[in-house]
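Open the model in your viewer and show it as a cartoon. The stops below tell you what to select next and what is there.

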Amino acid sequence: MRRRQFLHALAALSAGSTAVSAGGLASRALAQTTATRTASSDVIPWRNWSASQICHPQRRMAPGSVDELRELVAGTRGVIRPVGSGHSFSALVPTDDTIVSLSRLSGILSHDKGTMEATLGAGTRLSDIGEPLAARGQAMVIMPDIDEQTLAGSIATATHGTGADIGSLSSFVSGLKLVTAKGDVIECSENKNPEIFKAAQVNLGALGIVTEITLRNVAPYKLKSETVWLPIEALLEEADSLAARNRNFEFFYIPFSGLAIAEFHNPTDEPVSPPQPPEESDGLAAMRGLRDKFLKDPEQRFAVMNSAFKDIPPEVLVAPSWQAYVAERNTRFNEMEYHLPREHAIGAFREIKELLETRFPEVFFPIEFRYIKADDAWLSPFSGRDSCSVAIHRVYDEDYRPFFAAAEPIFKKYRGRPHWGKINTLGASEFTGLYPRWKDFKELRQALDPDGKFLNPYLAGLFT
Ligand SMILES: Cc1cc2nc3c(=O)[nH]c(=O)nc-3n(C[C@H](O)[C@H](O)[C@H](O)COP(=O)(O)OP(=O)(O)OC[C@H]3O[C@@H](n4cnc5c(N)ncnc54)[C@H](O)[C@@H]3O)c2cc1C
């Protein structure tokens, strides 16, 4: 993480504190998983990043060519689920039948200097794109805040970064290839099979297995990243105007501090900063210690945190875009993130903050707030509306359900659409009301996969 001064302030704070374990938190029970657990002892379980989803697949396949993949799909009985890096929190991947990774179908396959497009294997990790793409004179327009995800996994859930005028990764896809349930290959773009394209841009892995993705890119660019501590109320007043004036703007509110870390990225020609020594911690263990110490005394918690963080000076770094976007996430967590119509987002954020600070003193993870531009993919949470996202987190070994259950009605009240890869409890009838093209997606999915080969229990609940 780049917020070095913050980490140093936290380290100083926790050095001076004796963390006492708080009542019910002393024995932190593992959060219950939402996945079904089978009794199979001879099958190595598959887990997602936070271990909130667990399954026992009978087969894990990694085909080395599209032909191998076609044979595999056509010849498989039972459910097949494509998997990327397992960084989704929702139950998109789990199956006890067959899991297919495209890790061997990766890398840059071709690029076009004229159109600034590049075609990549669907299993390419985002971390493997930046440098080779720059060597070909291109860079991705936007990236999320980590780069562990695969490209196919990212677009399947409309993974996004932040920027009032910048859409999700799916919005920069100009074409893709898909292996369908029968083992056929379908190519689609704005001009070729355009209906399938609009559905496949955000597909939940429910239409088939994506093998190639073409991205619209830009020339390589450097970003100047500035991290500034601001009082949350002042920041909320200015947020929309800051978003309009900066290429990328987001903020993290630190609960019980009254302060937020605002992050800005803007293009620059300044020289790249010298490499930073790695930080040993992301500061969250220290924040947990402060939570334990001051759990029953929110006023004291506020006073200590506010005075420790309020004078942290801004930090500035310059890096190639693909490095600038990405942070370390070395504390595992579970996450709920809703995408809200832009005009309601600050109001929703205020209500979530109020909820956390009045009813959930055990929560210490920051609340994240980002901007995303509208697009027109059928199942994009940003379809037809400029949005802001509000994300809440609980450390992986504490039960996320009470806080998330209390927060979700706030998001729903503002017609929020959940991030497809994050925790939510919405069902088919709610999605039907939130997505004008839901029925079209459902019918197209049915036509491409009439036997439901790609449907695990979660997806079957949504689409059948
Ligand atoms: C620490 C962390 C940070 C994150 N940061 C962000 C962020 O900044 N912004 C954001 O928007 N999200 C973020 N996410 C969420 C993450 O980007 C999404 O959940 C993403 O979908 C994960 O990609 P993956 O490669 O791990 O795919 P998986 O989670 O393995 O799969 C996701 C979906 O993709 C499908 N899929 C995978 N491969 C294929 C294929 N070849 N063909 C068809 N379907 C396929 C799967 O079936 C599934 O439906 C974060 C998650 C974590 C854990």
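Two residues are in contact if their C-beta atoms, placed from the backbone, lie within 7 Å. On that basis, look at contacts in the protein between residues at least 6 apart in sequence: 74% join residues at least 24 apart.

Before going on, note that this is a predicted model: local features need pLDDT of at least 70, side-chain atom pairs count only at pLDDT 80 or more, and totals for chains, interfaces and linings use all residues. Residues are numbered from 1 along each chain as its sequence is written.

**Whole chain**

Select everything. The protein has 14 helices and 18 strands. Helices (H or I, at least four residues) and strands (E, at least two) are DSSP runs, numbered from the N terminus. The C-alpha trace spans about 65 × 55 × 40 Å along its principal axes. Of the 464 residues, 47% count as buried. Buried means that 20 or more other C-beta atoms lie within 10 Å of the residue's own; 12 or fewer means exposed, and partly exposed is in between, with C-beta atoms placed from the backbone.

**Two domains**

Colour 4–23 + 220–418 as domain 1 and 108–219 as domain 2. These bounds come from an automatic or database domain assignment. The domain centres, taken over C-alpha atoms, are 27 Å apart. Now select the contacts: 28 residues of domain 1 meet 29 residues of domain 2. On the domain 1 side, α6 (232–245), β12 (248–254), α9 (321–324) and β16 (367–372) each give two or more residues. That side has 17 nonpolar, 4 polar and 7 charged residues. Here Ala, Val, Leu, Ile, Met, Phe, Trp, Tyr, Cys and Pro count as nonpolar, Asp, Glu, Lys and Arg as charged, and the others, Gly among them, as polar.

**A loop glycine**

Next, select Gly384. Where is Gly384 found? Gly384 sits in the loop between β16 and β17 (387–395). Gly384 counts as partly exposed because it has 13 C-beta neighbours inside 10 Å. Gly384 and Tyr435 are 51 residues apart in sequence, and 9.5 Å apart in space, C-alpha to C-alpha.

**Around the ligand**

Finally, select the ligand and its shell. The ligand is surrounded by 32 residues, and the closest are Gly84, Pro144, Gly153, Gly205 and Gly421. A residue is near a molecule if its C-beta atom, placed from the backbone, lies within 6 Å of it. Which elements each supply at least two residues of the shell? They are β4 (80–83), α4 (151–156) and β10 (209–216). The largest share, 4 residues, comes from α4. By class, the shell has 14 nonpolar, 15 polar and 3 charged residues.
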